[in-house]
Amino acid sequence: MFNELDFSKIDTWKEAPSDDTKRQYYYIAKCQEEMRQRAEKRGTAFTYCLTTFGCQMNEKQSEVIAGIMDEIGCVRRESEDADIVIYNTCTVRENANLKVYGRLGHLNNLKKQNPDMKIILFGCMMQEEHVVARIQKDYRFVDLVFGTHNIFKYAELFYQMLSSETQIIDIWEGTDKIVEALPTERNYDFKSGVNIMFGCNNFCSYCIVPYVRGRERSREPQAIVDEVKALVADGVTEVMLLGQNVNSYGKTLETPVSFAKLLEMVEQVEGLRRIRFMTSHPKDLSDELIEYMARSKKVCHHLHLPMQSGSSRILKDMNRRYDKERYLELVQKIRKAIPDISLTTDIIVGFPGETEEDFLETLDVVDKANFDTAFTFIYSKRSGTPAARMENQVPEDVVKERFQRLLALVQEKGKIASSRFEGTVQEVLVETESKDKGIFTGRTQYNLLVHFPGSKELLGKYVNVRLETCKGFYYLGKMVEM
Ligand code: SAH
Ligand code: SF4
Ligand code: F3S
């Protein structure tokens, strides 16, 4: 499909086309020419290093950047000792932010030694005014800065950067554009994320995502199905449908389509074996979806259902629009319909005003819900969000102590929940070889990992493995013939 396009056939003497996709193809061709000439002149190819912070949506968007970099003749390398260093940033919590600033100091030193070096920052963190102001003031050596809404314009921005001596900053406030069919370089041959929607309208009071990703926009179902078909034709058998709140997929389309309906359409793609999705917001999880998951042959029995807190009072202040009882009812309903479901969740500790009683409610839900695993976060104040302005922020030592107690319970319960498959044989998709040669890692439909002896030909294949010993969130096992 798009990866087979021959960009060198594009006439770069003409003016740039106005159609979004064609225009970027044109700039890819221009960058290709320019980089070829530069590489010939200095006698070696240009290298790039691309680092991604944050969620799977950032991972997916980085694949587009990598696709374009490869297309224009740059060679990827892992180390930052490269000609072009690119960061796809995240700002969901303060520590994601600090990591980027920390690395910039080091890059400045590298740049002094390599006159060809370019530094590019993009993604969620760049949508914040104070970040861009700081880069303009203290990090003049950064060459290109753009945000989340104009990633599709990367080739054009890259071309501008090549002919500019000064820092280029291009941040959009928002967009209603969804630009399809840009080149991509996938991280895995056999599985892939697929964006089904962008942005978020929920405005949970602690969360910065709606401010940096903009309003919710769904892709047309046919565009999604076409992308899945192309991926399957290219060897993919497992897709992960991505969105901040997949349960509200399709509501804003001209012809609205429910998420369950979309799953049904994707399921019909022949050759596709597994469908996953992320993330589900409990407030929008429909009975239609639960029923569909229960009868589907391809949708994995794993549901990531972030609860954030077990206290109804805190959930209200978080603007989550469900309470403790509704969350537990949902868990029960799901377990009744899909008894073997694996449930995972996200939990925040130390939201403003959280008391010991509120925290005990969170522990109570963890105790009752039997999650396979929970991602636990210390509340991080994000400027511009309503929670940042709330009084009674919880003291750090109290939060840390609660965090440790939560972690201990999550691990204890998780070990019990995950070990329910001990001794059973499960079909796994073989994903990677571990550092110990000859040991491979496969993933069950329940998202549980198992390490087992195998060989390289198994990568990307489905095999049956007996899960012999549960080690908490992973198993040790052996392959079996069926
Ligand atoms: N859209 C998803 C979550 C995306 S962010 C959802 O609503 O479920 C991933 C997780 O980061 C959230 O579930 C939340 O637990 C955590 N998170 C978001 N903002 C945070 C903050 N300010 N401090 C700590 N954790 C946060
Ligand atoms: Fe953030 Fe809430 Fe949107 Fe998730 S649903 S991205 S937590 S605002
Ligand atoms: Fe981070 Fe942006 Fe994702 S803030 S979690 S990379 S949407």
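This is a predicted model: local features need pLDDT of at least 70, side-chain atom pairs count only at pLDDT 80 or more; totals for chains, interfaces and linings use all residues.
Residues are numbered from 1 along each chain as its sequence is written, chains are lettered from A and ligands numbered from 1 in the order written, and side-chain values use heavy atoms, leaving out hydrogens and water.

Since 5 of the 5 residues of β10 (238-242) are buried, the strand is largely enclosed by the rest of the structure. Helices (H or I, at least four residues) and strands (E, at least two) are DSSP runs numbered from the N terminus.

β7 (191-195) pairs with β10 in the parallel sense over 5 bridges; pairing takes at least two DSSP bridges. Look for S192 opposite V239. β11 also pairs with β10 in the parallel sense over 5 bridges, and there L242 has M278 as its bridge partner.

Follow the chain to H281, in the loop between β11 (274-278) and α9 (287-295). Is H281 buried or exposed? It is buried, with a relative accessible area of 5%. Show side chains and you'll find a polar contact of 3.5 Å between H281 and R320 (N or O atoms within 3.5 Å; within protein, one must be able to donate a hydrogen and the other to accept it, and residues adjacent in sequence count only if both atoms are side-chain atoms). H281 also touches residues including N202, C204 and Y322, contact meaning heavy atoms within 4.5 Å.

Next, pick ligand 2. H281 and R320 are among the residues around it, along with C200, F203 and Q244; a residue counts as near if one of its heavy atoms lies within 4 Å. The shell divides into 7 nonpolar, 3 polar and 1 charged (Ala, Val, Leu, Ile, Met, Phe, Trp, Tyr, Cys and Pro are nonpolar, Asp, Glu, Lys and Arg charged, the others, Gly among them, polar).

Hop to ligand 3, which is surrounded by G54, C55, N58, C90, T91, V92, C124, R213 and Q244.

Last stop: the open sheet of 6 strands, ordered β2-β1-β3-β4-β5-β6 with parallel pairing. β2 (75-76) and β6 (168-170) stand at the edges with a single partner each, so one side of each lacks a neighbour in the sheet.

Technical notes:
Buried means under 20% relative accessible area, exposed over 50%, partly exposed in between (1.4 Å probe, protein chains only). Lists of a residue's contacts leave out its neighbours within four places in sequence.
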